[in-house]
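Me: I would like to go through the salt bridges in this model. Could we take them one at a time?

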Amino acid sequence: AGYTFTYTRFATSFTSANPQWGAVKEGDELPYVPMHQANLNLTGVAGDLSVTVGTTYVSQMRDTAGQGVIEEGDGTDHVLLFDVMASYAFAEQLSLYMRADNVTHQANIVSRRPFGARPSKPLHFMVGVKAGF
């Protein structure tokens, strides 16, 4: 498990050529720095089989410097993703593994730059064999 709290504020007012900052007022939050990030992984093992369920949370972020409530269309979404990983050792040096990312198939906006809104990673499966010699 892990948790990160990040509190960001500009200490002075200024105008920047950077479009993500623009006309900054003292106390504005920095863009693209989430205040809250957390993850939790739970693993169960039974003989040669192991299964891990993981979750990741990232709070909403601003697209531009600012204060107060993030207006619709001026930031990212809150993101809560769930992943599942499994491994089965079917021989001494061989194991079959499976990973599924974003199993609930959430389509959250994770960035608006460059070139508009971009979604989170889609539902994704991966299967393979690991060999250790």
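Me: Which residue forms a salt bridge with Asp101?

Reply: Asp101 forms a salt bridge with Arg99, and their closest N and O atoms are 2.6 Å apart. A salt bridge here is a side-chain nitrogen of Lys or Arg within 4 Å of a carboxyl oxygen of Asp or Glu. Salt bridges that share partners join Asp83, Arg99, Asp101 and Lys121 into one network.

Me: What should I know about the model itself?

Reply: The model is predicted, so local features need pLDDT of at least 70 and side-chain atom pairs count only at pLDDT 80 or more, whereas totals for chains, interfaces and linings use all residues. Residues are numbered from 1 along each chain as its sequence is written, and side-chain values use heavy atoms, with hydrogens and water left out.

Me: Is Asp101 buried or exposed?

Reply: Asp101 is buried, with a relative accessible area of 6%. Buried means under 20% relative accessible area, exposed over 50%, and partly exposed in between (1.4 Å probe, protein chains only). Arg99 counts as partly exposed at 29%.

Me: How many salt bridges are there by this rule?

Reply: The count comes to six.

Me: Which residue pairs with Glu29?

Reply: Glu29 forms a salt bridge with Arg62, at 3.2 Å between the closest N and O atoms. Both Glu29 and Arg62 are buried.

Me: And what does Asp63 meet?

Reply: The side chain of Asp63 meets that of Arg113 in a salt bridge, 3.1 Å from N to O. Asp63 is buried at 8% relative accessibility, and Arg113 is partly exposed at 24%.
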